[in-house]
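Subject: Structure handover

Hello,

Here is the structure I promised to pass on. Please open it first, then read my notes beside it.

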Amino acid sequence: MSFFSVPILFIVIILLLSSFFVIKQQTAAIVERFGKFQSIRHSGLQLKIPLVDKISGKLSLKIQQLDVIVETKTLDDVFVKLKVSVQYKVIKEKVYEAFYKLDYPHDQITSYVFDVVRAEVPKMRLDDVFVNKDDIAIAVKSELNNAMMEYGYDIIKTLVTDIDPDAQVKEAMNRINASEREKVAAQYEGDAQRILIVEKAKAEAESKRLQGQGIADQRREIARGLEESVEVLNKVGINSQEASALIVVTQHYDTLQAIGADTNSNLILLPNSPQAGSDMLNNMVASFTASNQIGEAMKNAKNRKKND
């Protein structure tokens with residue numbers, strides 16, 4: 001083998017090795033021949049002509065995500081920042097368009113996102129932006145699909161992942177929210193107090209009713225006992241007036257005896273002099289007599305009026 005054959009053989013081996021290349025899964029390679037598009041190669045072992053064919057670039061066919069932050073103003077003049085996440089991929093059948101028609105896809109997508117967001121958000125109030133963020137995302141996706149499909153890109157999904165108003169606006173919203181919660185808490189507390197007052201009043205009314213019923217029953221039994229006592233005294237020749245007076249005097253002295261038996265009693269019964277019983281009896285008899293006379297006079301006057 002001559003001296004020059006070794007370098008030539010080495011160069012041939014290098015050229016043969018450079019003829020083969022490997023493309024990873026979910027990747028597409030663009031092969032050009034003398035600067036002109038030749039073919040698109042997909043995953044696996046591929047072959048090209050050394051020094052003639054060149055791999056100009058590779059595109060990933062995986063789903064990618066681009067986060068775009070847009071600052072705009074709402075209908076109620078509140079500046080807000082929206083973070084829009086765009087998920088997209090290169091269409092396998094349109095790798096040529098994606099590689100040759102568009103140099104900077106990120107910039108193109110960002111421009112469309114800015115355009116749509118700044119067209120939609122100024123139509124909404126700040127509260128509506130939070131409520132209708134899905135509508136904003138749908139509008140962005142629709143616009144991007146129509147624009148980027150021509151360049152070989154498919155928009156999988158768009159998401160409004162963050163809405164960040166100005167710090168002073170957030171503080172004001174927090175104060176409003178806190179005030180609303182305090183208002184609701186005060187209403188619940190007031191309702192609870194009202195219920196307690198109503199229930200307490202009902203309980204007191206029921207207690208008074210039962211107490212009154214008890215007093216009425218007690219007086220009914222006392223009256224029944226007095227009636228029986230008067231009947232017994234009538235049988236021994238004591239008329240009703242005298243019997244009633246006697247019963248009252250007896251109860252008077254029974255009360256005095258009960259007071260004297262209780263050392264801690266603060267009850268004062270007037271009158272309590274020794275002659276009080278006699279005076280009470282005389283007064284009661286006189287009262288009964290006077291009431292009988294008045295009753296007889298009224299009865300006679302009524303009869304005379306009826307006869308006239």
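Below is what I found, from the whole chain down to single residues.

**Overall**

Please keep in mind that this is a predicted model. The protein chain has eight helices and eight strands. It holds 308 residues, and 23% of them count as buried. The accessible surface comes to about 21,700 Å². Carbon and sulfur atoms account for 56% of that area. I also looked at contacts between residues at least 6 apart in sequence. Of these, 63% join residues at least 24 apart.

**The core**

In soluble globular proteins, nonpolar side chains tend to be buried together. The largest nonpolar core here has 35 residues. Leu82, Val113, Val117 and Ile136 touch the most other members. Several elements each supply at least two residues of this core, including strand E6 (64-73), helix H3 (105-120), helix H5 (133-148) and strand E8 (153-165). Strand E7 gives the most, with six residues.

Take Val117 as a way in. Leaving aside neighbours within four places in sequence, Val117 is in contact with Val70, Thr72, Leu82, Val84, Pro122, Ile136 and Val140.

**Salt bridges**

The whole structure has five salt bridges.

Start with Asp53 and Arg33. Their closest N and O atoms are 2.6 Å apart. The pair links distant parts of the chain: Asp53 sits in strand E5 (residues 53-60), Arg33 in strand E2, 20 residues apart. How accessible are the two partners? Asp53 counts as buried because its relative accessible area is 5%, under the 20% cut-off. Arg33 is partly exposed, at 29% relative accessibility.

Leaving aside neighbours within four places in sequence, Arg33 is in contact with Gln38, Ile49, Val52 and Asp53. Arg33 and Ile49 are 16 residues apart in sequence. In space, their C-alpha atoms are 8.7 Å apart.

Next, Asp77 and Lys73. Their side chains meet in a salt bridge at 3.6 Å, N to O. Asp77 is exposed, with a relative accessible area of 54%. Lys73 is partly exposed, at 36%.

Then there are Arg209 and Glu206, whose side chains meet at 2.6 Å, N to O. Both lie in helix H6 (residues 167-235). They are three residues apart, about one turn of the helix. Arg209 is partly exposed at 46% relative accessibility, and Glu206 is partly exposed at 36%.

**Around helix H1**

Which residues form a nonpolar patch on the surface? Phe10, Ile11, Ile14, Leu15 and Leu51 do. Together they have about 520 Å² of accessible area. Leu15 belongs to helix H1 (residues 5-18). Leu15 counts as partly exposed, at 30% relative accessibility.

Ser19 lies in the loop between H1 and strand E1 (20-23). Is Ser19 buried or exposed? Ser19 is buried, because its relative accessibility is 6%, under the 20% cut-off. Leaving aside neighbours within four places in sequence, Ser19 is in contact with Gln46, Leu47, Lys48 and Pro50.

**Where to look**

Best wishes

Note on methods:
Residues are numbered from 1 along each chain as its sequence is written. This is a predicted model: local features need pLDDT of at least 70, side-chain atom pairs count only at pLDDT 80 or more; totals for chains, interfaces and linings use all residues. Side-chain values use heavy atoms; hydrogens and water are left out. Patches are made of residues with over 30% relative accessible area and no salt bridge: like charges are joined within 9 Å, nonpolar side chains (Val, Leu, Ile, Met, Phe, Trp, Tyr) within 5 Å. Accessible areas come from the Shrake-Rupley method with a 1.4 Å probe; for residues, only the protein chains shown count as cover. A salt bridge is a side-chain nitrogen of Lys or Arg within 4 Å of a carboxyl oxygen of Asp or Glu. Helices (H or I, at least four residues) and strands (E, at least two) are DSSP runs, numbered from the N terminus. Buried means under 20% relative accessible area, exposed over 50%, partly exposed in between (1.4 Å probe, protein chains only). Contact means heavy atoms within 4.5 Å. A nonpolar core is a set of buried Ala, Val, Leu, Ile, Met, Phe, Trp, Tyr and Cys residues joined through side-chain atoms within 4.5 Å.
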